[in-house]
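Subject: A structure for you to look at

Hello! Here is the structure I promised you. Have a look at it, and then read on for what turned up.

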Amino acid sequence: MARQLIRIMRPDDANVAGNVHGGTILKMIEEAGAIISTRHCNSQAGGSRGSGSEPCVAALARVERTDFLSPVCIGEVANVSAEITYTSRHSVEVQVNVMSENILTGAKKVTNKATLWYVPLSLKNVNKVLEVPPIQYARKEQEDEGKKRYEEQKLDRLETKQRNGDVIFPVINPEPHTVGYSQSSLIHLVGPSDCTLLGFVHGGVTMKLMDEVAGIVAARHCKTNIVTASVDAINFHEKIKKGSVITISGRMTFTSNKSMEIEVFVDADPFVDEPRERYRAVSAFFTYVSLSKEGKPLPVPQLLTETEDEKRRFEEGKGRYLQTKAKRQAQMQQAVQQ
Amino acid sequence: MARQLIRIMRPDDANVAGNVHGGTILKMIEEAGAIISTRHCNSQAGGSRGSGSEPCVAALARVERTDFLSPVCIGEVANVSAEITYTSRHSVEVQVNVMSENILTGAKKVTNKATLWYVPLSLKNVNKVLEVPPIQYARKEQEDEGKKRYEEQKLDRLETKQRNGDVIFPVINPEPHTVGYSQSSLIHLVGPSDCTLLGFVHGGVTMKLMDEVAGIVAARHCKTNIVTASVDAINFHEKIKKGSVITISGRMTFTSNKSMEIEVFVDADPFVDEPRERYRAVSAFFTYVSLSKEGKPLPVPQLLTETEDEKRRFEEGKGRYLQTKAKRQAQMQQAVQQ
Amino acid sequence: MARQLIRIMRPDDANVAGNVHGGTILKMIEEAGAIISTRHCNSQAGGSRGSGSEPCVAALARVERTDFLSPVCIGEVANVSAEITYTSRHSVEVQVNVMSENILTGAKKVTNKATLWYVPLSLKNVNKVLEVPPIQYARKEQEDEGKKRYEEQKLDRLETKQRNGDVIFPVINPEPHTVGYSQSSLIHLVGPSDCTLLGFVHGGVTMKLMDEVAGIVAARHCKTNIVTASVDAINFHEKIKKGSVITISGRMTFTSNKSMEIEVFVDADPFVDEPRERYRAVSAFFTYVSLSKEGKPLPVPQLLTETEDEKRRFEEGKGRYLQTKAKRQAQMQQAVQQ
């Protein structure tokens, strides 16, 4: 059952050029995913929970790589629809599509196709992962393809470099276009409206803050109007509790002719009510482009790398860039041949 | 004792043409009403609660038909003042007036006169309705007139068609100006900032979301700048709990030459912590007009009805429209004669 | 350890002329202060809490006089950094600096230097003030100067006139430029997102509302674009609990050629769950200036005082104005001589 979330884009959702922040869209995507998967995990045949099952809230475990296909503007309506496409024993795959609609002209554009994975956590014991009711597939192949995606993401989660030791230090008097020049960091106190019923931060709230930092890094580097072009797969390894302080840090890792890759870390300090050290909760790569007034991508200044680490990260970023480019070309070729 | 709520209207409160959303105003009206009635129900002679009484929160039970007399703009100050005008044993009638003020020119305009009914619910047991301390009337007639209004609204509440079976289904490739073309639906996850101390959604939050959906329906139909003209009486039969998902759906029911009537439903899914099915929490009719740049009402395209149900609803809408028109003419005649 | 909070200024943060409200800045300053001092009070040597200590939340006790050195605009990034500069046995002094940054040109301006005092309250018992872990000073003089500031603010807190009996009454048909003409008052229902983990209003939320009322008073008086120029020291004598209704009232007390002083009161009604009367929680003086389109201060109409009380308050305001002016001239002379 698809469900839809619609909202008019407001001035606060957008930058000064009127382009809606990628983070606003990511937050809506995650909210739609959380609603449909929580609903599903609390339902049994017929829609009402059986006496034997426990109430739960679905927590975001992973978002697959997401492209921002076209910019959304203030005054447009974002239509976000979600559908469950696969269930494993303990996780739910949700496909979320976003379409922007100019309600005056009626023009519609697909802006995002995102895939999210949720895990149901017991409302009584947040550390207990519950079982997911299986969905019905129209065709057997759908189940097989879903299982394949499930195995792939599981592998990717394991492979994710933890980079837990990696920290961003301030640089004194950095040169323009160096890594130190644009790196940025912000802190946020986790309040009640950031959290689910379980008292943990919504994945969408985290992603919105990550996009905010990445956007500041990108603007500081190229000093022009910038928009989110894509986000790499994000794994949510660790929950963040209400009352925590989170530090979100971003640094540029790579530039191509017309794009910038920014690595973003989220560190949590559960400083009040738990005897626990600061920990790395999430990390991700955001890609930004700079847009002219006519909406065309502009060239961006090349990133100047100084240290060995910066050079290594630049090469790794280049690898990701070329890999994505090759994948996209293969898809386009496939599309042409079909 | 009158109390006042004032706030400068911000860009996020308004549409792209700079007109403040009716929903923003409705939310302020309800907040003022909730404050004054909760205060009253917790007071005894002298202002402090006696030892025998229980603390309570006033919950919105009903809003009488409300007209939006003139548009409010960004940068203006909305002055919302509330006064208790009648108390029955278990309910409070509050009169709320809204005035917009251009603080630069000093110009003021009355924009709304709303009547709301609240019921005090015990803070310890939300299902227990407490007794309301009686107010003093300056004249005996005020009490009699209040009692008459109380009886009328009680009757109207009973007569409200529940329409609980009525659901809005998506239409594939609808023609412009049909009901299916403009109908819209959104979902919202009820968070802590939406709720009262009792953990139930503020009536004003619900009305703001209803106005948002109705506005999208109106804009999709006529593709011009639209504003809320009036809201019919709304009865809040059912509470909505924190953590619920609410689905707000709107469809056009009637158009006159220069106005559109939109029916809005609110359905709640208490999906996490209660073994209860989806239920209809509220429904209401919103009337919208389309405004030119000079603020004059524009003609709107006629609604094309297709099914028998749509034709029946159109005729019912026409009935409401003509009744309201007749009432207004009678009032104006009365005013002229006085 | 300095910590930084950064945020892009949004349309809702600013007035119609695009100048960010002083209240938005004060709220960010307080959030940064609350984070660093709560973190400090929960830390022991090495960063993790010892088994003997209790978790706590730092509550704002006082903000020293704060000047707004230059206006901030929509689209600029506010950089807020905080540092602990002194600790007494039961309080923490935090120095917060705000810098606005145009991320497109890279231009930066210092906009505020604020000093705040926090007190750690036990998470288990909000009435228990805990001990503050001492900080290390680079030089002995830093500790001595901090101690001097600590003693001075303690004295000032004691001397603060409570003005608890003082209430603002509405005036019927006031003349332009009188006190009654511009005085304003608003009410606010304290919701969960206004509160700390302890369930009491964040000091920054209160200051933002105070600035909102003061701004309305200033605009009503001079009917031009106005901005916050400074805030006198504010003492937070009394906590305000979630579910309270607060009334924020402002009246003009003094005008110089180019500035307006507005006194703001915050009164709390803990009306639901406590058998307590309305009480004065905070009061403060805000100074506003009127700006031309080029950002130059404009002359303001003189305040017309009518009653004896108004004349007395005008003279007191004049005293504060002259004292501040003299202090600033002394500082400038000192700066020139160095």
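Two strands pair if DSSP finds at least two bridges between them. Helices (H or I, at least four residues) and strands (E, at least two) are DSSP runs, numbered from the N terminus. This is a predicted model, in which local features need pLDDT of at least 70 and side-chain atom pairs count only at pLDDT 80 or more, while totals for chains, interfaces and linings use all residues. Residues are numbered from 1 along each chain as its sequence is written, chains are lettered from A and ligands numbered from 1 in the order in which they are written, and side-chain values use heavy atoms, leaving out hydrogens and water.

Start with strand S10 (residues 245-255) of chain B, which runs antiparallel to S11(B) and is joined to it by 10 bridges. Ile246(B), for example, has Ala268(B) as its bridge partner.

Finally, look at helix H5 (residues 308-337) of chain B. Its buried residues are Glu310(B), Arg313(B), Phe314(B), Gly317(B) and Arg320(B). They pack against helix H3 (179-182), S10, S11 and S12 of chain B, where contact means heavy atoms within 4.5 Å.

Happy exploring!

Note on methods: The expected span of a helix is 1.5 Å times one less than its number of residues. Buried means under 20% relative accessible area, exposed over 50%, partly exposed in between (1.4 Å probe, protein chains only).
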